[in-house]
There are 2 protein chains.
Amino acid sequence: MKSSQKVNPDLQKERDTRTFNLEELSDILGGGHEQRLRKNQIAAAVENDVEYNGPDPAFLSRMERFEEWMRRSSLLVRKKDDLGELIQDHKDFVNYNTYVTKKRPNVFFDLHFGMFVPTLMGQASEEQKEKWLIPSLNHEMIGTYAQTEMGHGTFLRGLETTAHYDATRQEFILHSPTTTSIKWWPGTLGKTATHAVVMAQLYTKGVCHGIHAFMLQLRSLEDHRSLPGITLGDIGPKFGYNENDNGFLKMDHVRIPLGNMLMKNAQVLPDGTYVKASRKELTYGTMTLVRSFIVRNSAFFLAEACTIAIRYSSVRRQSEMRPGEPEPQVLDYPTQQHKLFTLLATSYAFFFVQQKMVDMYGRINEEIGKGEFGNMQELHSVSSGLKAFTTAVTNSGIEVCRMSCGGHGYSVASGLPDLYAYFTPNCTYEGENTVLLLQTARYLIKCFRDRNLSGDSIDYLRKGAWRRPANVDLTDIGLLCRLYEQRARGLVTFSAEKVDEAMRKGEDMVGALNKASLHTVRGANAHCHYYVVKSFADKLQSLEMSAPLRVVLTDLARLYALDGIAKCSGEFMEENLLSAAEVKKCHQLVAELLPIIRPNAVSLVDAFEFSDDMLMSVLGRYDGNVYENLLKWAMKSDLNKTDVIPAYEKHIRPLLKRNQAKL
Amino acid sequence: MKSSQKVNPDLQKERDTRTFNLEELSDILGGGHEQRLRKNQIAAAVENDVEYNGPDPAFLSRMERFEEWMRRSSLLVRKKDDLGELIQDHKDFVNYNTYVTKKRPNVFFDLHFGMFVPTLMGQASEEQKEKWLIPSLNHEMIGTYAQTEMGHGTFLRGLETTAHYDATRQEFILHSPTTTSIKWWPGTLGKTATHAVVMAQLYTKGVCHGIHAFMLQLRSLEDHRSLPGITLGDIGPKFGYNENDNGFLKMDHVRIPLGNMLMKNAQVLPDGTYVKASRKELTYGTMTLVRSFIVRNSAFFLAEACTIAIRYSSVRRQSEMRPGEPEPQVLDYPTQQHKLFTLLATSYAFFFVQQKMVDMYGRINEEIGKGEFGNMQELHSVSSGLKAFTTAVTNSGIEVCRMSCGGHGYSVASGLPDLYAYFTPNCTYEGENTVLLLQTARYLIKCFRDRNLSGDSIDYLRKGAWRRPANVDLTDIGLLCRLYEQRARGLVTFSAEKVDEAMRKGEDMVGALNKASLHTVRGANAHCHYYVVKSFADKLQSLEMSAPLRVVLTDLARLYALDGIAKCSGEFMEENLLSAAEVKKCHQLVAELLPIIRPNAVSLVDAFEFSDDMLMSVLGRYDGNVYENLLKWAMKSDLNKTDVIPAYEKHIRPLLKRNQAKL
């Protein structure tokens with residue numbers, strides 16, 4: 001994991017100033033000592049396996065990338081059983097997949113095990129499971145999940161694909177009636193998958209019963225050709241994820257047997273009678289879990305970007321403060337520290353809030369198992385809001401890190417362009433961020449109005465207003481949490497008033513929420529911000545750790561909270577929580593925390609233990625030997641295969657010689 | 001320019017609600033009626049020329065892209081003389097180049113005419129010009145400008161390349177003494193250019209005289225092979241600009257004649273005597289002009305992103321407000337309007353501030369011609385600050401536009417991923433943004449302390465404090481300008497105090513500026529923000545236009561100014577310029593302006609007259625026929641060449657059949 005080369009002395013110097021135990025922190029971040037060791041062993045197993053060595057995707061065409069990642073994906077299927085004790089639970093397996101694919105798509109796994117198999121588990125009857133589950137688990141079929149259409153993403157009820165039941169032949173007719181109804185975006189749908197769960201509007205006896213799931217075989221299991229009536233294809237290049245054949249599916253009156261509707265819940269009888277599901281299905285659970293994974297993505301992608309930028313800023317020297325002095329490390333500049341250390345603190349904050357979400361998910365899921373649904377909405381609201389809040393911050397944060405590396409950040413060699421291109425869809429999928437914030441906002445307004453609702457995350461909304469003391473200690477984390485709480489409370493209150501105002505003017509609730517949405521979104525955002533700050537503070541209280549580590553993490557928490565106030569100071573002042581002088585003081589405290597964090601900055605990113613193999617960044621190498629490796633990397637460019645490029649004869653020579661030719 | 005197909009009715013509906021004269025606005029944006037017509041004729045000439053038709057770069061490999069853009073570049077050289085009266089000035093020519101290359105690199109033009117030729121003009125002696133200028137203008141050589149090195153970008157004095165003068169042979173020895181000294185990044189250096197102006201530390205008689213410019217032939221004019229002692233190559237793939245061979249150059253004691261140092265200013269005599277330049281050369285001028293082009297880039301890239309997102313948001317329908325109602329256009333949602341209309345207003349603001357910069361450049365350049373250098377520093381400060389301010393806003397704004405298009409924004413078909421990847425280097429090159437803001441900050445602090453300095457843009461700093469009236473009209477643009485002015489004044493004052501404070505504690509000026517840099521950057525930013533708001537307001541006053549257009553542009557200016565206050569409200573409150581209630585009022589006014597702008601939104605982007613050919617966006621098509629064209633576009637994907645991909649036999653079939661094989 002750590003390269004054996006000599007470490008760049010500037011980077012070594014940064015490591016030598018560490019004030020805490022690195023292992024202790026890595027254990028916390030790695031989910032405990034045992035799991036962390038296993039994770040690192042899995043990483044080493046992949047890195048030391050020559051079969052997993054492959055070309056750098058930076059230098060491959062779309063098709064080459066696609067094939068190389070398919071090679072890795074199929075290798076993983078073949079090898080997964082050889083790892084023995086290293087794979088003890090699902091988390092280990094996910095780690096294994098991550099190391100093999102380097103966080104890029106696995107066409108045989110991601111959709112197949114992430115969506116297709118779980119849908120069968122949740123929605124197929126016992127008989128159907130028997131038929132499809134075993135071959136799925138054995139990879140005798142490759143499944144995907146075809147929900148989104150060209151014209152509809154977020155709004156499920158708007159899907160246009162139809163499934164008309166034909167009782168005379170006991171078949172459904174799957175059909176794409178319009179261009180906009182073409183299934184669009186599902187991963188592996190274009191060229192890889194053999195089967196899909198297709199979401200379609202069910203019609204029986206002339207009545208539409210809404211969206212239901214159908215099993216559709218897409219391609220022959222003998223020669224992989226697409227089956228009659230089915231048009232499949234790749235949707236073309238994307239910002240990232242070009243190792244995946246996100247695809248389209250157009251169905252032209254494709255007939256499937258009655259038994260291909262997934263019938264665990266709702267059913268269609270042979271005569272076409274529709275039997276409703278006995279109870280509305282609980283799909284909140286998976287959705288919430290997926291969103292907590294996305295919050296984890298936010299923490300780790302941001303941590304990776306910080307790792308690259310902080311290591312490189314230690315190695316990079318630029319400008320001179322005074323003539324004749326040596327050029328400082330870029331990390332010496334307060335503006336650079338401000339960019340990077342606040343993001344570093346953010347990645348720690350996101351890491352801890354994600355842990356809290358997983359705990360909450362476990363607790364509430366247990367309640368649901370016992371038939372208590374009281375906290376489900378709160379869970380949904382927290383997960384929606386945090387997904388939106390953390391991905392938005394990480395999204396812009398990665399770019400701050402990239403640009404903080406100057407020109408070299410723009411090179412694919414830095415790893416940062418890809419990090420961004422692969423992270424940014426997190427803002428859009430599994431609920432578009434603005435839509436999610438609006439959902440959270442709706443819940444908050446509801447809580448504010450309905451005094452019967454309660455929950456850990458929203459109880460503060462109904463407490464009486466807080467009277468702040470005349471003097472406050474802005475370095476006290478408890479006080480900072482209180483400020484965030486009250487800012488959220490104030491903005492939610494204000495937005496609720498705006499909703500009321502619109503209703504007084506004649507809008508219904510829906511119309512009023514829409515009218516007031518700019519205000520309600522601000523409230524939701526402040527609520528999420530509060531939740532993150534509070535989780536960081538709570539975690540510091542509940543986690544056992546050594547005193548030196550506690551000092552460092554507490555400073556990070558302070559930096560996160562104070563910088564958040566500095567950046568959103570208007571909202572704190574709008575609620576009369578801080579005076580102008582106090583806001584200026586927050587700015588000053590932020591500036592003063594930076595040199596305090598500086599001696600531990602590199603160690604705080606080292607603690608994440610991202611291997612060079614995973615970072616894929618010349619700038620972020622553990623050994624800091626950036627420049628010689630930048631040259632080595634560049635030499636792999638296609639254009640460097642020959643000194644004189646083929647285009648010379650075609651375009652350059654005729655240009656240079658055209659005057660001679662004219663003579 | 002406008003596609004002839006039937007326009008999508010939702011988009012047509014938006015156009016039908018326009019309240020102003022479209023031509024009138026397009027003329028303003030196009031630099032007057034005549035120039036605008038010429039621009040559109042040039043665009044049409046390129047679009048109707050079949051030779052300029054080529055494959056969509058989205059589906060090409062790096063090498064194919066490179067070759068296709070080289071083909072376009074060489075075609076342009078061949079054809080440029082055929083356009084006759086269409087090309088009347090340099091601006092027309094730049095437009096022509098832009099249409100041919102679709103804003104991507106032209107390897108025979110950009111560096112050659114943008115840097116190489118101007119450097120010869122400015123720094124070569126008459127004799128040297130005679131030798132090199134004509135062949136350059138005739139394309140008998142292809143030049144580039146080799147300044148940045150792997151280890152140094154912004155800080156010129158830190159360059160390591162050496163040019164030692166050997167008096168015995170009357171030659172310079174150009175050498176790259178370290179890995180970090182390798183020239184890195186210059187466009188076309190890797191594979192295309194035959195010559196370079198190389199910046200190197202000049203040594204004569206054992207003394208270093210700093211950075212000077214040297215002419216170096218890189219490649220043979222007969223067979224294009226790199227010359228002895230010279231190692232050239234491409235630096236590898238980047239986030240964007242992959243049509244360019246940004247390159248590296250390593251020199252191993254390469255000897256060039258004495259006459260290859262550019263000697264208009266400083267000189268080296270045959271015996272090695274160094275003759276200083278008679279006066280410090282004025283390079284501010286070009287730098288400033290380039291930065292004003294970058295501000296123009298900011299305006300236009302943001303306008304393009306808005307064009308795509310606003311047209312698509314008119315066509316896209318999503319969700320239903322109330323069961324059974326038709327799905328609203330996405331543009332109906334206040335949150336979507338807020339994202340897009342504030343950015344639209346921003347692009348107009350940037351457009352007008354850029355015009356002001358060009359005017360200022362002209363005026364001050366004239367003064368410089370007369371030997372008056374008094375305003376040069378101000379020009380430099382304005383251009384540095386605005387370059388940083390506008391590029392940062394546009395950079396994140398493009399991404400807001402992209403994500404506002406939901407999933408389809410992530411497809412290369414939207415045009416937005418490329419728009420971002422090609423814009424974002426504007427934040428880094430020609431002065432890294434933070435470095436530039438620090439420069440502006442330094443100038444502002446200086447102005448604040450030195451009462452002898454004056455200039456339009458900074459005179460407000462020394463005026464007595466403004467006493468705001470008890471009641472203010474937040475819709476009055478004059479008042480809004482005043483608020484921005486006073487916020488900047490307050491923050492600059494505060495940062496100057498912080499500098500003083502650090503000096504009192506023993507720092508020298510340089511150290512104090514560094515210590516206070518988080519505060520000074522805030523001041524610089526507020527200063528630039530003020531300058532943009534003020535320019536928008538001034539332009540509205542000075543431009544002649546019809547009443548209906550004035551109403552629309554005034555609303556845009558209001559939206560820009562009010563949204564800026566809402567977003568940075570803390571800084572206005574820190575300076576006690578607005579109360580909490582007034583800030584809430586600003587938020588409300590922003591919300592109220594959105595539906596007022598709505599009927600003109602599509603027309604306000606139409607007015608920019610970006611052709612479909614230039615936008616390269618399926619989502620932003622003038623005719624709004626998005627969905628059928630998304631499908632057409634996807635069909636071009638490499639992966640769609642066959643129904644069953646080649647990887648099937650290699651990876652998919654063995655996987656599906658492995659259990660059978662085991663039997």
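Good morning. Residues are numbered from 1 along each chain as its sequence is written, while chains are lettered from A and ligands numbered from 1 in the order in which they are written. Because the model is predicted, local features need pLDDT of at least 70 and side-chain atom pairs count only at pLDDT 80 or more, although totals for chains, interfaces and linings use all residues; side-chain values use heavy atoms, with hydrogens and water left out.

I begin with confidence. Chain A averages a pLDDT of 94, and 98% of its residues score at least 70; pLDDT is the predictor's confidence in each residue, from 0 to 100. The model scores ipTM 0.97 and pTM 0.97.

I turn to the pair of chains. The same surface serves both copies, since 100% of the contact residues of chain A recur in chain B.

The contact (heavy atoms within 4.5 Å) takes 139 residues from chain A and 139 residues from chain B. Between them the chains bury about 11,500 Å², 61% of it on carbon and sulfur atoms. Buried area here is the accessible area (1.4 Å probe) that two parts lose on being put together, summed over both. On the side of chain A, Phe239(A), Tyr410(A) and Leu639(A) lose the most area to chain B, together 7% of what that side buries.

The count of salt bridges between chain A and chain B is 14, each a side-chain nitrogen of Lys or Arg within 4 Å of a carboxyl oxygen of Asp or Glu. Glu222(B) and Lys657(A) meet in a salt bridge through their side chains, at 3.0 Å, N to O.

Finally, the helices, which are DSSP runs (H or I, at least four residues) numbered from the N terminus. Helix α16 of chain A, residues 547–567, reaches 30 Å from its first C-alpha to its last. In α7(A), the buried residues include Trp132(A) and Leu133(A). Just after α7(A), His139(A) takes a positive phi of about 60°.

Methods:
Buried < 20%, exposed > 50% of the residue type's maximum accessible area, 1.4 Å probe, protein only. Helix = DSSP H or I, 4+ residues; strand = E, 2+ residues; numbered from the N terminus. Expected span 1.5 Å × (residues − 1).
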